[in-house]
Amino acid sequence: MAAVLRNLRPVYVAGIGFHRYQFASATTYVDLGLTAVRAALADAGLAWPAIESAYFAKALLPMAPGRAMLRHLGATGLPIVHVENASASGSAAFRHACMEVAAGLADLSLVVGVDKPMPLAPAERLAGIGGLADDAFAPFTHFALLADAYAARTGASVEDIALVAVKNHRNGARNPFAQHQKERSLEEILGGRKIAGGFTSLQCTPVGEGAAAVIVASEEGLRRQGIDLSRAVRVLSSAGRSQRLYEDATRYDAMLTQETTRIALAEAGVSAADLDVVELHDAFTVEEVEYVEAMGLCPDGQAVPRLKAGEFDIGGRCAVSPSGGLIAMGHPIGPTGVGQIGEITRQLRGEAGDRQQPDARLGLAHMVGIGAVCYVHVLGAV
Amino acid sequence: METPPLLKPGLYRAEGSAARPGQPALLGGVCACGHVFFPLQAYGCERCGGVDLQPRVLSGAGRLLASARVHLHPGKGREAPFTVGSIRLDDGPIVRTLIEGDLGALHPGLAMVTTLVPVADAEGAPRLDLRFAPEGV
């Protein structure tokens, strides 16, 4: 049987860094990325030449942006690989860095996600299998249909589902790296520009740019650099899956989330009830209510009452998207999955300031990407 | 007046199926394993990977799973507002498309049928395109 991450050499997150997620600007991707990488190196207490491999996550930037950026840290000759996996690009890059370090092929590896808004053309359209009205479906249209079905299934109202955005904008207001940093009332959110179904603009992730970086390390690699594990966070498991055929084919995001989360929790040897903090793919409000149920953070159909009871607030039973999530922190695509690992690490270190989940010991990061693919990582305080 | 040609003749036909002769049929496929799918493709079966895929005419009838009024649309060539829905066909596959007819009555579980509506192709020539609408409206 194939090994799982936890049975290999322990892997840690040793440094995190960000460039704020923001609306498209004249800032080059090189500037965005270098800011995040230098911050991650400084956070870890490492110099660039110590880094042995680099994983560059991007979904929108053109071919081979990695060396053109990283050379400005000093062209050390390290191997660079680009990872594209739609919204899950950063999560996939992180998984592969963890595998390299766990396998002992490197001790210190960089994961950096950078993107800028660019025209988007999913390759699925090139398969030559067109649907009845593909051009009528944007991502928010897909999720507006899911929201309609969720409401019919559970009795949740448009207002109930929009409460996810109230919470996540409140969290984002406390995150200096978030694209949206403003608390919003339910009235403000519901009164915004109508997008599709019950969605208004503040219930949808903003399109933007930014960067996030993390340093993946072995204990040996850190010690060699004179660094102990006092601020390190252990990567307990890594799971990646892709969509299968499901009985309710419209809910493939939730079904895929359920099976990927189940694998990641089992490999980490923990249960959903043990989680203190979760960062999930809340590009649209309905996703959070679907996924907390799929992950087992609450029973089916109970996400709204639990949300209303404050269970997913910072300070609640399990803080969900304390960074603000994709809705408030933003979703620049390549960086997003890396940024989730950064937020979980910050929380498990107890360094999240006024958005700190008290006594956070165990965290989970979850992304889905068009295709669909799904990644779940479980991290634990050392 | 001459009937305009279909906009996407590879996906549907004006003639109905044996089960639903009154509704334009969809052009799907079936694998030797029994998996029924839409649209027809020859690459391989998503369930079993087999390549013994045959055309299967699918009835233009199903049940609404979900619908949404779209107020903002980023693509060119289609003006919002419009309504989309997902429909589970009586023959199994789920399709997503545009909804016509009495939009106020839409709710999950509603019986839906196909209908052909006049549209223009990219060059402005008249065509007929397939939509779903509540049955009996």
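Colleague: Let's start with B:Ser86: which residues is it in contact with, leaving aside neighbours within four places in sequence?

Modeller: Contact here means heavy atoms within 4.5 Å. On that basis B:Ser86 is in contact with A:Leu145 and A:Thr250 from chain A, plus B:Arg63, B:Leu64, B:Leu65, B:Ala66, B:Ile94, B:Val95 and B:Arg96. B:Ser86 itself sits in strand E6 (residues 82–89) of chain B. Helices (H or I, at least four residues) and strands (E, at least two) are DSSP runs, numbered from the N terminus.

Before we go on, this is a predicted model, where local features need pLDDT of at least 70, side-chain atom pairs count only at pLDDT 80 or more, and totals for chains, interfaces and linings use all residues. Residues are numbered from 1 along each chain as its sequence is written, chains are lettered from A and ligands numbered from 1 in the order in which they are written, and side-chain values use heavy atoms, with hydrogens and water left out.

Colleague: Is B:Ser86 buried or exposed?

Modeller: Buried means under 20% relative accessible area, exposed over 50%, partly exposed in between (1.4 Å probe, protein chains only). B:Ser86 has 3%, so it is buried. A:Glu343, in helix H12 (residues 336–349) of chain A, counts as buried too, at 2% relative accessibility. Among the residues that A:Glu343 touches are A:Phe18, A:Glu279 and A:Arg355.

Colleague: How many residues of H5(A) are buried?

Modeller: 11 of the 15, so H5(A) is largely enclosed by the rest of the structure. The buried ones include A:Asp160, A:Lys167 and A:His169. They pack against several elements of chain A, among them helix H4 (139–154), helix H9 (285–295) and strand E10 (319–320).

Colleague: How do I read a helix pair, say H5(A) and H9(A)?

Modeller: Two packed helices are described by the angle between their axes and the distance between the axes. Axes are lines fitted to C-alpha atoms, for helices over the stretch in contact, and angles run from 0 to 180 degrees between N-to-C directions. The axes of H5(A) and H9(A) come within 7 Å and cross at roughly 100°. That makes H5(A) roughly perpendicular (65 to 115 degrees) to H9(A).

Colleague: And what about H8(A) and H9(A)?

Modeller: Their axes come within 8 Å and cross at roughly 40°. That makes H8(A) oblique to H9(A), where oblique is what remains once under 35 degrees is roughly parallel, over 145 roughly antiparallel and 65 to 115 roughly perpendicular. Residues of H8(A) that meet H9(A) include A:Asp253, A:Thr257 and A:Leu265.
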